[in-house]
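The points are numbered and can be read in any order.

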Amino acid sequence: MTDHQPALKLLVVEDEAMVAMLVEDALTLHGHAVVGVADTLAMAIEIADRENPDLALCDVKLALGDDGVAVAHALAERGIPSIFLSGTCPEAESHALIIGCVAKPFHNASLGDAVNAAYAITRGETPARLPAMLTLY
Amino acid sequence: MSPNELPDRSASDEPGTSVPQRYLRLLADVAERLLAAADPADMVDEIFDLMRRELRLDVFTNYRVAGDRLVLEAHGGLTGDQPAKIGTLAMGEAICGTVAQTRQIHHAISIRTSDDPTYAFVRSLGLDSYICTPLMHGDALLGTLSFGRRWTNRFSADELRFLRVACHYVALAKYRLRVEAALRDGMEARERLLGELKHRVRNALQVAVGLVGAEAGDLASAAQAPLYRAVDRLQVLAIAHRPLYGDQPAGLVDVTGLIEALVEDRAIPAVLAETAALAPLRVETAAALALLVHTLTLGVPPHRPVAIHLAGSQDVVRLRLVGIAANTEASRIARGLLHQLRGTITPATDGMILTLPMAHD
């Protein structure tokens, strides 16, 4: 793990298989563990309840017409923080556990920094590095 | 013939037709012109032409609001350098500027004998009565519309009522034209942006193909295969997105056209043996299908192409791939794409059948 960052359990919520694989690979390379990939609200909740991830990365547009914003809120209600990972970032979010958004296309190398920064913020810490690609709410 | 030379029209001109009836008919004509109008300035010109004979009008001016000033948009009965002198007005300046500021109708009477300084310009035109109306839509001031006469020192109560209604119609028509112009501008901007995005997407994919291809070219031949496979996949992706650049409904891709393009461009070693009328796919679904078919046909020699038979309905798409064995241990990419598509692969005697449910969201 670089910069002594903790290895996190992460949930990826993404409906496009190739993008999900790319995100999973990038996060794994950064030393994190992807505990599941979901592409619907129901699947995300099921994995979250089972795995209790430290953080979720949510696309906004999901399979079967589901909405990543609703997923982020459902996860937040369970105490699980999230960041969006989307081509169209929501402009604002009111829930304290919905930290921010990384706009696609993203840079693989910075994705780990964005995850670490978001996790630090949820713990009330100051991020060691706040990448420009992460827009905070 | 100048308005002054026109005969005064009164109820006695047309037996059986009262002044209010003529005003109603005139209002109907005004409304008809306003509904059909396409240009704000021409529209007011036409309305003035319609009304001036009935009301014996000599002059009109029409200002629109531009920031904190009024700009003369249309006028009639002015000559020489007179329009230039009143080309712009500050709020509160002269009669129209005052009307714009107060948003109240102003009826100026006996102008020639008045020493009111705000009447100076209309007095210089020889006018003796003048009415200026604010053009409002809701709380928004759009401009002013005014009419003047030399031959009498005031407008009658009926005339004032008529002009107030006509000006209200003009305000509505101007608002409509303004909204239409904003919509047109918005659509043009959207078209330009769309064109730029299409160009950028095409370019970015082409650059990606070039970058990966260049990296592959620098490697030893044994290490080139994965990168050339990546190049192939990027090209498959480009083919799936191609319909977006044309005139097809936004975001929808025809399945038969997609398979035909993949075959035609030799992106997959296949022939299209049977087509069917199928519901179009969303572009992300089409891209996943194209990548999946490409993945399933990896390793098939070009001289023994797979025969693809398309079938299905509005609810399901079936691709029978003849001449290829169903792989029971699908690759990670194939598994991911199958999950995304909610698809299933079943073995057939002569190949495999890929079944995809159609999402109707």
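At what angle do the axes of helix α1 of chain A and α10(B) cross? Point 2 gives the reply.

1. Basis. This is a predicted model, in which local features need pLDDT of at least 70 and side-chain atom pairs count only at pLDDT 80 or more, while totals for chains, interfaces and linings use all residues. Residues are numbered from 1 along each chain as its sequence is written, and chains are lettered from A and ligands numbered from 1 in the order in which they are written.

2. Helix crossing between the chains. The axes of α1 (residues 17–29) of chain A and α10(B) cross at roughly 130° and come within 8 Å. Axes here are lines fitted to C-alpha atoms, for helices over the stretch in contact, and angles run from 0 to 180 degrees between N-to-C directions. From α1(A) the contact uses A17(A), A20(A) and M21(A), and from α10(B) it uses R332(B), G336(B), L337(B), H339(B) and Q340(B). Two residues are in contact if their C-beta atoms, placed from the backbone, lie within 7 Å. By class, this contact has four nonpolar, three polar and one charged residues. Ala, Val, Leu, Ile, Met, Phe, Trp, Tyr, Cys and Pro count as nonpolar, Asp, Glu, Lys and Arg as charged, and the others, Gly among them, as polar.

3. The contact as a whole. Nine residues of chain A and ten residues of chain B take part. On the chain B side, α9 (283–296) and α10 (332–341) each supply at least two residues, and α10(B) gives the most, with five residues. The side of chain B that touches chain A divides into four nonpolar, three polar and three charged residues.

4. Chain B in outline. Chain B has ten helices and 13 strands. Helices (H or I, at least four residues) and strands (E, at least two) are DSSP runs, numbered from the N terminus. Of its 361 residues, 30% count as buried. A residue is buried if 20 or more other C-beta atoms lie within 10 Å of its own, exposed if 12 or fewer, and partly exposed in between, with C-beta atoms placed from the backbone.

5. Strand β5(B) and its partners. Strand β5 (residues 129–137) of chain B is largely enclosed by the rest of the structure, because seven of its nine residues are buried. β5(B) pairs with β4 (residues 106–108) of chain B in the antiparallel sense over three bridges, and H106(B) stands opposite C132(B). Strands pair if DSSP finds at least two bridges between them. Nine bridges join β5(B) to β6 (residues 140–149) of chain B, also antiparallel, with Y130(B) opposite G148(B). The hairpin of β5(B) and β6(B) has two residues between the strands, and G138(B) takes a positive phi near 65° there.

6. The five-stranded sheet. An open sheet of mixed pairing in chain B has the order β8-β10-β11-β13-β12. Its edge strands are β8 (270–274) and β12 (344–348) of chain B, each pairing on one side only. β12(B) and β13 (residues 351–357) of chain B pair in the antiparallel sense over five bridges, and P347(B) stands opposite M352(B). Helix α8 (residues 255–264) of chain B packs on the sheet, touching β8, β10 (306–312) and β11 (316–322) of chain B.

7. Nonpolar cores. A nonpolar core is a set of buried Ala, Val, Leu, Ile, Met, Phe, Trp, Tyr and Cys residues joined through C-beta atoms within 7 Å. In the largest core, of 78 residues, V13(A), A118(A), A290(B) and L292(B) touch the most other members. α9(B) gives the most to this core, with nine residues. A second, separate core of 42 residues includes V44(B), I47(B), F60(B) and L145(B).

8. Backbone points in chain A. A cis peptide bond joins K104(A) and P105(A), with omega about -5°. P105(A) is in the loop between β5 (98–103) and α4 (108–122) of chain A. N52(A), a residue other than glycine, has a positive phi near 45° and lies in the loop between α2 (41–51) and β3 (55–58) of chain A.
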